[in-house]
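Trainee: Could you walk me through this model before I set anything up with it? I'd like to go residue by residue where that helps.
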Amino acid sequence: MDARTSEATTAPLSHVEIRVIVTGVMVAMFLSALDQTIIATALPTIGGSFGDLENLSWVVTAYLLTGTAITPLVGKLADIHGPRPVLLVAIGTFLAGSVLCATAQSMPWLIVARAVQGLGGGGLIALAQTIIGLLIAPRERGRYQGYFAIVFITSSIAGPILGGFFAEHLHWSLIFWINVPLGLVAAVMSERALRRLPAHHHPHRLDILGALLMCAGTVALLMALSWGGTYFPWLSAPIFGLLALAVLLWIGFAFRVATASEPLVPLAVLSNQVVRTGVPSAAFAMGTLVGLSIQMPLYLEGVMGLTASESGVALIPLMAGVVVGATGAGRVMGHFTHYKRLPIAGLLASIAALGLLAVWPLGLPVYAVAAGMGVAGMGLGTVLPVSTVAIQNAVPLPQMGTATGVVNLFRSLGAAVLTAGFGAIVIGLSGIEGSALLERLLEGRAQVAPLAGAFRWVFVAAAASLFASLIAMLAMEERPLRSGHAPAPLPE
């Protein structure tokens, strides 16, 4: 290949060309973003429809679990084959899972269908982040944050409202049927747009065994968190057995990472100081966000006495706060040498807001709770773009998809574990069996004081999780953001 050919194939795209690609990717991102917000306010109604609250958290964790397992594989597939075909397969799988969810006749059916949906949805945002990482240098990335702000603001506001409205006035299955037309539009638009994306193909091997070990270890841990205090006492042999199995499987996963020729989570990526510290910061922040967004409708309906539609509106400050925090941090980080200061300040504000809610879980007016959740969301939202951009900035171009997959792997893992953990706190400390709590909640006669007492510790656990995120962010190295298109050098 001569110099002119090489230059032609690597020349940066114009702003107009990048905008076309970003627009196509935005529609695919909207599918995943809407799915994360629309289901939260419908969960109590879904549990009532099947008469099962004990397994309700698995509607969320099954999606997160398969999304967690598939994310690093999707990143490597994008590195091997390019993002376009992988994104189209992800959209198709997501739509198939959505149809299965909408037609579910039982809770186990819905849980399995959500696992299928997660196989597709888990890769959508990771692929979008990989595509943006390939297109735009870190320092210029804030220029395009406005486009993604539209996606997340729209989904954050529309999702809770639509979910509550569908559940209360129509039927909960509509939260899944709505994905079908949106998914078809996303497939058409992204397929056309991504034809303009320059080819970035790098050889990789898929570590299926590593993914299975990680997935099985996570399932064992989530089963222990979900069944402890409900089906079995916390100090019983089944719970200890599940925890021991989880530890053994994760040890096996660690051994696989250390010995495989190309493991699911490459040591070359994990040895990077920015990755090693940025990933746990993002994981704790995302886990707290997803866990709160799933449990807060129970708090708003059971403690605050709101309807499903009203709780959807009351949940908006949390989701919108995340969007404002993430958008603001993304836009300004390229203009500051010490770009960590914003997420550090944001996390401190979030911890303070959650601390106030923990002190007064009962008796605060709705607007005060909404304001506290808005501050918490805005603060933890600042962590997500800073950690992702910092990690992408620290790795070479051939590892972009893999590194982005690692970020999303542990973000999804954190979300799955903390969602199950928060659910275990609610069920275990409310003093009410899951089915009884669900019945009273749906009939508007939930025991407020015990439920409020349980949520006091949910807020404490959320604040502790964000404190862990803060420690990791403080430890993360601040490397100058690249302003050109040259990738970070490969490690020797």
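Mentor: Let us start with Thr277, which counts as buried because its relative accessibility is 12%, under the cut-off of 20%. Please keep in mind throughout that this is a predicted model.

Trainee: Where does Thr277 sit, and what does it touch?
Mentor: Thr277 is placed in helix α13, and, if residues up to four places away in sequence are not counted, Thr277 touches Ala472, Ala475, Met476 and Glu477.

Trainee: OK, zooming out, how many helices and strands are there in the protein chain?
Mentor: The protein chain has 21 helices and zero strands. Of its 492 residues, 58% count as buried, and among the contacts between residues at least 6 apart in sequence, 86% join residues at least 24 apart.

Trainee: And which residues in the largest nonpolar core touch the most other members?
Mentor: That core has 131 residues, and the ones touching the most other members are Leu110, Leu292, Met296, Tyr299, Leu354 and Phe459. Helix α13, covering residues 273–302, supplies the largest share of this core, with 13 residues.

Trainee: Take Leu110, then: what does it touch?
Mentor: Not counting residues up to four places away in sequence, Leu110 touches Ile46, Phe50, Val59, Cys101, Ala104, Trp172 and Phe176.

Trainee: What about Arg114, is that buried or exposed?
Mentor: Arg114 is buried, because its relative accessible area is 2%, and it lies in helix α6, which covers residues 107–135. Leaving aside neighbours within four places in sequence, Arg114 is in contact with Asp35, Ile39, Val59, Val60, Ala62, Tyr63, Thr66, Cys101 and Phe176. Val59, Cys101 and Phe176 are also among the residues that Leu110 touches.

Trainee: Switching topic, where is Met373, and why does it count as buried?
Mentor: Met373 is in helix α17, residues 366–381, and it counts as buried because its relative accessibility is 3%. With residues up to four places away in sequence not counted, Met373 touches Leu292, Met296, Pro317, Leu318 and Leu357; Leu292 and Met296 are among the core residues that touch the most other members. The C-alpha atoms of Met373 and Ala353, which are 20 residues apart along the chain, are separated by 7.2 Å.

Trainee: What does α17 look like as a whole, and which of its residues are buried?
Mentor: The helix α17 has 16 residues and reaches 22 Å from its first C-alpha to its last, which is close to the 22 Å expected at 1.5 Å a residue. Its buried residues are Val369, Ala370, Gly372, Met373, Gly374, Ala376, Gly377, Gly379, Leu380 and Gly381.

Trainee: And Asn393, buried or exposed?
Mentor: Asn393 counts as buried, because its relative accessibility is 5%, and it is found in helix α18, residues 383–394. Its C-alpha atom is separated by 9.2 Å from that of Val274, although Asn393 and Val274 are 119 residues apart along the chain.

Notes. Residues numbered from 1 in each chain as written. Predicted model: local features only at pLDDT ≥ 70, side-chain atom pairs only at ≥ 80, totals over all residues. Heavy atoms only, no water. Helix = DSSP H or I, 4+ residues; strand = E, 2+ residues; numbered from the N terminus. Buried < 20%, exposed > 50% of the residue type's maximum accessible area, 1.4 Å probe, protein only. Contact = heavy atoms within 4.5 Å. Core = buried A, V, L, I, M, F, W, Y, C linked by side-chain atoms within 4.5 Å. Expected span 1.5 Å × (residues − 1).
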